[in-house]
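This report goes through one protein model part by part.

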Amino acid sequence: ALLSTAALAKDGPVAPNGRHYLSQPLVTSIYTADPSAHVFNGKIYIYPSHDIKTNIPDDDLGSQYAMRDYRVLEMDHVGGKVTVGPVALDVDQVPWAAKQMWAPDAAYKNGTYYLYFPARDHQGIFRIGVATSKNPMGPFKADPKPIPGAYSIDPAVFTDSDGKSYMYFGGIWGGQLQRWVTGKYNPHGSATDLHQDDKPALTAKVAMLAPDMQHLAEKPRDVVILGKDGKPVTGGEHDKRFFEASWMFKRDGKYYFTYSTGDTHFLAYAIGDNPYGPFHYKGHFLLPVQGWTTHQSIVKHNGKWWLFYADTQLSNKNSLRNVKVTQLHFNPDGTIQTIDPFTH
Ligand code: FUB
C-alpha cells in the first residue's frame with residue numbers, strides 16, 4: 001500500500017517486512033557496518049567496516065564483504081552531527097594484507113590510538129593486524145606483520161579499570177575459526193563449523209595484550225559460555241552459540257561478553273566475573289535486523305548506555321550496510337532488555 005507523505009514524515013521509511021525501523025542510519029554518504037564505538041576525549045568515535053559495491057555474489061564465506069579501507073566516524077553526542085573521516089587505513093598500506101578489511105576495533109593508551117583489524121593475507125588466511133596513530137581519526141600506520149598468535153576475524157579490545165587490555169577475537173564460517181582448533185591453520189578444515197552438534201561450540205578467543213598494545217601477552221584461551229545447565233553451549237545450539245562479533249563491556253563490576261549468533265541473526269550476551277570468564281549465557285538483546293549480519297558495540301556516554309549496530313536499510317543488500325544507534329536499557333538484576341529493531 002502507498003503511504004501518505006504525512007505517514008512517511010511521522011514514521012520514516014517502511015522496511016521490506018512492512019514494519020518501521022527503530023532508528024535511522026547514522027551516515028548515508030558511505031556504507032558502514034560493524035561499528036566499534038569508543039569514547040575518547042569526551043567524544044564518540046566509531047570504527048566501522050566500510051562496505052563497498054562489488055559484483056561478488058553472496059556466499060557462506062562472506063566473499064561479498066570485499067572492503068578495502070577504513071574511515072572513522074566522529075560525533076559529540078548521540079543525535080549530534082556525524083563527521084565521516086578521510087581514509088584512515090587502506091589495504092595497500094598493509095604489507096601482509098591482500099583483501100577483505102573486515103570488522104575493526106580501536107583502543108587508546110599513553111597518547112597513541114591503536115586500530116585493530118582483520119584481513120585475508122596473501123595466502124587467503126584471515127589474520128589480525130594493528131596500526132597506530134596520534135589522532136583518533138587516523139591516518140593509521142600498520143605494523144608490517146600481523147599480530148603473532150592472533151588469527152581469524154573480529155578483534156575487540158577491552159581495557160579494564162586496572163588499565164590491562166584484552167583482545168577478544170574469532171568468527172566461524174568465513175571467519176575461519178574452525179580451522180584453528182590446534183592453534184595452527186588447517187587449510188583442509190571445514191568451511192563452516194566443526195559439525196559436532198553435541199560438543200561444546202567453537203567460541204571466541206581472549207588474550208591479554210602486552211604493554212605495547214601490539215602483541216599478545218599470552219596464548220589465547222577460549223571464552224567459555226555456559227548454558228543454564230552449567231555446561232558449555234553446544235555447536236547445535238545455533239540460536240545461542242558464538243558465531244562472530246565479540247564485544248566486551250563492564251557494568252557494575254560485571255563483565256558482559258556480547259556476540260552475534262550469525263546464521264540465526266541474534267545478538268546475544270553472557271555475564272562473567274572477570275575478563276576471561278567463564279560467562280553465563282543470559283539471552284538475546286537484539287532481535288534480527290534487515291540483512292544477514294549485524295555486529296554491535298556497547299558504550300556508555302553522558303550517563304546512558306548505547307547500542308551501535310547495523311542493518312541494510314539504505315541498500316537492502318547484505319554487503320551494503322549502514323550503522324545505527326539506539327539506547328540500551330538494563331533491568332535491576334543487570335540483565336539487558338531485548339531490543340526489537342522494528343517498532344510497529
Ligand atoms: O563485515 C564483515 C564481517 O561480517 C564482519 O567481520 C563480521 O562480524 C560480519 O559483520
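Helices (H or I, at least four residues) and strands (E, at least two) are DSSP runs, numbered from the N terminus. The model is predicted, so local features need pLDDT of at least 70 and side-chain atom pairs count only at pLDDT 80 or more, while totals for chains, interfaces and linings use all residues. Residues are numbered from 1 along each chain as its sequence is written, and side-chain values use heavy atoms, with hydrogens and water left out.

**Backbone exceptions**

Most residues other than glycine have a negative phi, and most peptide bonds are trans. S152, in the loop between β9 and β10, has a positive phi of about 65° although it is not a glycine. S152 is buried, with a relative accessible area of 0%; buried means under 20% relative accessible area, exposed over 50%, and partly exposed in between (1.4 Å probe, protein chains only). Q176 also has a positive phi, near 70°, and is found in the loop between β11 (165–169) and β12. Its relative accessibility of 5% makes Q176 buried.

| Peptide bond | Omega |
|---|---|
| G138 to P139 | about 0° |
| G277 to P278 | near 5° |

P139 lies in the loop between β8 (126–133) and β9 (141–142), and P278 in the loop between β17 and β18 (279–286).

**Strands and sheets**

Strands of a sheet pair through backbone hydrogen bonds, either parallel or antiparallel. Two strands count as paired if DSSP finds at least two bridges between them. β12 (residues 205–208) is joined to β13 by two bridges, and K205 has D222 as its bridge partner.

Elsewhere, seven bridges join β20 (residues 304–311) to the antiparallel β21, with F308 opposite V325. Six of the seven residues of β21 (residues 322–328) are buried, so this strand is largely enclosed by the rest of the structure.

**Cores**

A nonpolar core is a set of buried Ala, Val, Leu, Ile, Met, Phe, Trp, Tyr and Cys residues joined through side-chain atoms within 4.5 Å. The largest one has 59 residues, and Y116, M167, Y168, F257, F285 and L328 have the most contacts inside it. Strand β17 (residues 267–272) gives the largest share, five residues. A second, separate core has 21 residues, among them A106, A119, A131 and M137.

On a 1 Å grid over the protein atoms alone, a cavity is a set of points where a 1.4 Å probe fits but cannot get out, and a pocket is an open set with protein on both sides within 12 Å along at least five of seven lines; lining residues have an atom within 4 Å of a point. Grid points are joined across faces, edges and corners, and a volume is the space filled by probe spheres set on the points.

The whole structure has one cavity of 30 Å³ or more. The largest cavity has a volume of about 90 Å³, and its lining includes I172, H195 and R241.

The largest pocket has a volume of about 400 Å³. Of its 20 lining residues, H38, F158, T159, M248 and V299 are the closest to its centre. T159 is in strand β10 and is partly exposed at 37% relative accessibility. The C-alpha atoms of T159 and M248 are separated by 9.2 Å, although these residues are 89 residues apart along the chain.
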